[in-house]
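Subject: Structure for you to look at

Hello,

Here is the structure I said I would pass on. Please open it first, then read the notes below.

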Amino acid sequence: MTHTTPKHGGGWPPSGMDPEVIRVLRPSDGSLVGELAVTPSHEVPRRVERARSVQAGWASLLPKDRERRLRALLEAIDERTPEIEDTIVAETGKPRAEATVEIVSVVDHIRFLLKNATGFFRPRRIPTGWMAWKQAFVQRDPLGVVGVISPWNYPFMLSMTPTCTALFGGNGVVLKPSEFTPYSGLLVEDIARDAGLPEGLVQVVIGGGETGEALVRAGVDKIFFTGGSRTGRAVLAAAADSLTPSVLELGGKDAAIVLEDADLARASRGIVWGAFLNAGQSCIAVERVYVVERVYDAFLREVLAHIRKLKAGSSAGVEIGPMTTPAQLAWVEQQLAEAVEAGATVVTGGHRTDPASNVLEPTVLTGLDPTSSILREESFGPVLPVVRVKDCEEAIHLANETPYGLSASVWTKDRKRGLALARRIRAGAVCVNDALAHFGIAGLPFGGVGESGFGRSHGIEGLEEVTRSRSLLVDRMGIEREPWWFPYNRGTERLLRGALLFRLRGGLKGAFAAIALMVKGGRR
Ligand code: NDP
């Protein structure tokens, strides 16, 4: 697959003008995937305006009509599945099975939205308390245009999922995919077109950080950002200038806690997968393991046995593919070198499979100093530090030590104890006897705390992020004057004091007190 002619996003650049171009390379062998013209920053607000003009019609549809049209996304994905997989594999270097997982997750998410979006938009009656003669409702309204900025590690899933949520929420979308994986982002625009959605409702802008910043400043109604914590800060600073609300899905340093009563066969298998899936480049990868000392040696033995069976390389049929960007590889190698210098032991791995490749062997570290950067800062690579702890209290304490809080896992045969410990971990999600699987459940809200960001994707909470509430009140009595309107008189005072007593004391007691007070003439 080699593309050289940029054909998306409104035909930029005009003929005769040389565009700035980004070159997309395959992490597996450095060959060219294609070249794409960068969308100039001044063009980005125009794209947002175009999306806004189309979105007005989209928002005016009944939710069930939008839903009917969005169902066609499934067919469009079905048609393009091999192309989507090829594109993800080409741009990221990940194994094909992991590319398929991205599509499964997107489809499941669309199914969730098809089932829930219409009900979500149904106005809800709200009790009116002591104003019993009124009716009140709350309804959800679309925001307008959502700017989606996505990273390269799950380039299709993390572009398509927030886009779908925004569309079901009645919004238009302008998406800025990572410059390392723009073709996976462009597929989102293609799929929307194939599904017959209004032209311009979903648009992709191409470029790096500058284009992302232009999108944040382009007058969108919300930014949905997925990426690193440092970039997240820059996004929030730019969004502050225009008071643009933002969801930030940022990095993590997820801990796994293995207790003395864990099923070690399952725990070791699950943790190895959770750490090395996508060559460790998952925001919710297991990035550190705390193992209670009684089972530490046995756990480590099982982990190493599983790792020995993994194939790492750049060709098809491996479990561990190349790292997607050279900068990410360099960072992980630096972190490893620092850890080793500080006294850590590399129990397995630690090198590239071949010095010329981007493939880092699955690596396990032990003997780490608790203050080591590799236990505190996100690695985002195939590295698993394993730490011996005295007991579960020490494990919980260490798990909560980093400024991140994306997700975590607890491994124990005692499910009740596992859940109790899960509630003590500072994280947006915690699995018991599993890792990462919570992301695959479309109804579960997903997001972090602390430096892992704020706001939620997935679930009903995801729909709430891309809509705003509108409160509606209807007077049902049609009387000429509400008792508390001007002019104020003894009757006004009596009524308000009665209302106060009624609400203070509550129920029948409150009602009697209010009536008694009014009969007495308003004095307590
Ligand atoms: P980055 O933060 O580098 O980039 C994310 C996106 O932001 C990219 O599209 C990038 O463009 C763009 N960008 C860069 N600078 C700016 C800017 N100043 N203003 C606006 N946009 C900008 O993250 P990575 O792509 O390297 O992804 C890895 C990170 O993402 C990890 O930290 C990982 O944990 C996190 N992540 C979080 C997830 C979550 O749901 N919590 C899920 C997946 C990943 P470009 O790439 O073209 O430079």
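A residue is called buried when its relative accessible area is under 20%, exposed when over 50%, and partly exposed in between. By that rule, buried residues account for 54% of the 524 residues in the protein chain. Please keep in mind that this is a predicted model.

Overall layout

The protein chain contains 16 helices and 18 strands. Its C-alpha atoms fill a box of roughly 90 × 70 × 40 Å along the principal axes. Taking the contacts between residues at least 6 apart in sequence, 71% join residues at least 24 apart.

Helix H2

Helix H2 covers residues 63–70, and its buried residues are Arg-66, Glu-67 and Leu-70. Looking down the axis of H2, these buried residues fall within an arc of 100 degrees, so they line one face of the helix. An α-helix has 3.6 residues a turn, so residues three or four places apart point the same way. On the face of H2 turned away from the buried side are the exposed residues Lys-64 and Arg-68. The cover over the buried residues of H2 includes helices H1 (44–60), H3 (72–92), H4 (96–121) and H5 (157–168).

Salt bridges

A search of the whole structure gives 31 salt bridges. Three of them are described here.

Glu-43 pairs with Arg-46 in a salt bridge, with the closest N and O atoms 3.1 Å apart. Glu-43 is buried, at a relative accessible area of 10%.

Glu-189 forms a salt bridge with Arg-193, where the closest N and O atoms are 3.2 Å apart. Both belong to helix H6 (residues 182–194), and because they are four residues apart, about one helical turn separates them. Glu-189 is buried at 3% relative accessible area, whereas Arg-193 is partly exposed at 37%.

Glu-287 and Lys-253 meet through their side chains in a salt bridge of 2.7 Å, N to O. Glu-287 lies in strand E11 (residues 286–292) and Lys-253 in the loop between strands E9 (246–249) and E10 (254–258), so the pair ties together parts 34 residues apart in sequence. Glu-287 counts as buried at 3% relative accessibility, and Lys-253 is buried at 2%.

Finally, salt bridges that share partners join Arg-80, Glu-83, Glu-189, Asp-190, Arg-193, Asp-194 and Glu-199 into one network.

Regards

Methods:
Residues numbered from 1 in each chain as written. Predicted model: local features only at pLDDT ≥ 70, side-chain atom pairs only at ≥ 80, totals over all residues. Heavy atoms only, no water. Helix = DSSP H or I, 4+ residues; strand = E, 2+ residues; numbered from the N terminus. Buried < 20%, exposed > 50% of the residue type's maximum accessible area, 1.4 Å probe, protein only. Contact = heavy atoms within 4.5 Å. Arc of directions from axis to C-beta. Salt bridge = Lys/Arg side-chain N within 4 Å of Asp/Glu carboxyl O.
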